[in-house]
Amino acid sequence: MKSGETSKVMSAEAAAALVPDGATVLVDGSGGGVNEPGLVLAALEARFSREQHPAGLTVVHPSGVGDGQGGGIDRFAHSGMVSKAIGGHWNWAPRMQRMALAGEIEAYCLPQGVLSHLFRAIAGHAPGVITHIGLGTFVDPRLDGGRLNARSRDEMVRLMPIDGREYLFYPAFRIDVAIVRGTTADEMGNVTMEGEGLYAETLSAAQAARNSGGIVIAQVRQVVRSGSLDPRVVKVPGVLVDAVVAYPEQRLSVATAEDASLTGAQRVSETDMAPLPLSERKVIARRAAAELRRGDIVNLGYGMPDGAAAVLAEEHLSDQVTFTVEQGHIGGVPATGSDFGMARNQMAMVDAGYQFDWYNGGGLDVAILSFAEVDPRGNVNVSKFGGRIAGIGGFVNISQGARRVVFVGTLRAGRQQLQFTADGIRIEQEGKSAKFVPQLEQISFSGDYARLWGVPVTYVTERAVFQLEDGGLVLTELAPGLDLERDVLRQMGFRPRVSDRLKTMDARIFAAARMGLQLAQQPPKPAAQRT
């Protein structure tokens, strides 16, 4: 180091000691341990266990930071340590979910893309974010305003008409501490991310904390001498960073220690993707894939939707569409399971905030997303159901920005036994509960606003396909081998309108052999209108 310069490198314990009581702490990263600054979070938990400090924290996380086993945001899930949580996705933090459900803390859920943009607004001292994202959903102040329990009374979002059009205003707030992660740092705090699977909001989070008068703690795998980093690969400049914590055992994710194909350093063959076994997941993925067109720009949601990528790979059609991931990937094939948020063979990797700019403005041709519940008006719930808080992640940005939306899921919840034959489906055991229900616990997607904006919406199950029309949900296709009344209508919590031109689903969807799928041609794209 140069004379007069002071190294910012310190232990995780020393970094944790910098966090004061009552601070608003922003933790950046993604679910499954991806980009999670886990050593620093563990040190904070250990300090609270010893000292009962820091206490009364507000924790902010745009994505689902955690591993489902006590890591990530669950490091804060102790009585007295946290008083408020503002998260985009909650599924990876079951202990924090329980605290929210019990009313022990204030708890809010805001769209991931809104939080990404809020960090930029906070950094620039803007009053907040004005957007159409969230209209008609539980985030809308005319419904829940993003609140997850009765204890939560803050006004996190307001309705704001502008020139006769509806928008939502999300006010900015102060960030006292940002905890981020990179791969390499020098002694002055300059951080690179060459060994990470995504960029997330790392730079925006650091800028938001610094311009709030707060501090930035960066966890990295290795530290090098000052002046040795290529400035072209520095993602967070050292002027923003107060503390650097080295953790040589830092993993790419909980599931994966290292994988050069997930950081973009290495490519893999398309043939490395194994075909899905024939099951309801593959049947649904095949029918959803049939909704794609050549040249489509696509987002695949977490879980069942990623089966569409496997179907296209098996059909040798992967090069006919471009997959994207809300965490910032363009091209390639999205990773699955707890590696979700990363991708292989991607063409580009950008900061999440820029990806959400593109998504919000209609950059996606189609989104394939999961559903947990659907009501007669075509509204969808994925965020709060069955005694748990899953949260919404990027779901609202994606579903309200895409030009077409395809929802996927089984007709009923719970274990079911199905047989697939050349003649279609035979149901041997029904699932335990309906997923098509008269009323949702929470609205994550608004069918009313989709109709207002003219967005085509399709709902794909293993037994039937539905379309969103002016009167609500319409059943348009039935799987071969099924009785409409017994196997579909009686298994729903309401009776949708059945199309006068009811079709039979393509028999190839249910066969063991490759489908021979061909994608339709992409028509001209008009400008997307969402207000």
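**Sheet, packed helices and backbone features**

Gln219 stands opposite Val245 in β14. The model is a predicted one, in which local features need pLDDT of at least 70 and side-chain atom pairs count only at pLDDT 80 or more, while totals for chains, interfaces and linings use all residues. Residues are numbered from 1 along each chain as its sequence is written, and side-chain values use heavy atoms, with hydrogens and water left out. Helices (H or I, at least four residues) and strands (E, at least two) are DSSP runs, numbered from the N terminus.

Strand β11 (residues 215–220) pairs with β14 in the parallel sense over 4 bridges; two strands pair if DSSP finds at least two bridges between them. The open sheet consists of 7 strands in the order β4-β3-β2-β1-β8-β11-β14, with parallel pairing. At the edges stand β4 (106–109) and β14 (243–246), each with a single partner strand, so one side of each is left without a neighbour in the sheet. From one strand to the next, the twist averages 15°.

Helix α2 (residues 38–51) lies across β1 (24–27), β8 (177–181), β11 and β14, and runs at about 120° to β11. Helix α5 (residues 202–211) also packs on the sheet, where β1, β8 and β11 are touched, and its direction makes about 155° with that of β8. Axes are lines fitted to C-alpha atoms, for helices over the stretch in contact, and angles run from 0 to 180 degrees between N-to-C directions. Contact means heavy atoms within 4.5 Å. Thr202, Ser204, Ala205, Ala206, Ala208 and Ala209 are the buried residues of α5 (buried is under 20% relative accessible area, exposed over 50%, partly exposed in between, with a 1.4 Å probe and protein chains only). These buried residues pack against β1, α4 (112–123), β8, β11 and β13 (234–236). Just after α5, Gly213 has a positive phi of about 80°.

The axes of helix α7 (residues 280–289) and helix α8 (residues 307–314) come within 8 Å and cross at roughly 75°. Helices α7 and α8 are therefore roughly perpendicular to each other (65 to 115 degrees). On α7, the contact involves Arg281, Lys282, Ala285, Arg286 and Ala289, and on α8 Gly307, Ala308, Val311, Leu312 and Glu314.

In the loop between α4 and β5 (128–131) lies His125, which has a positive phi of about 55° although it is not a glycine. His125 counts as exposed, at 59% relative accessibility. The peptide bond from His53 to Pro54 is cis, with omega near 0°.

Methods. Angles under 35 degrees count as roughly parallel, over 145 as roughly antiparallel, 65 to 115 as roughly perpendicular and the rest as oblique.
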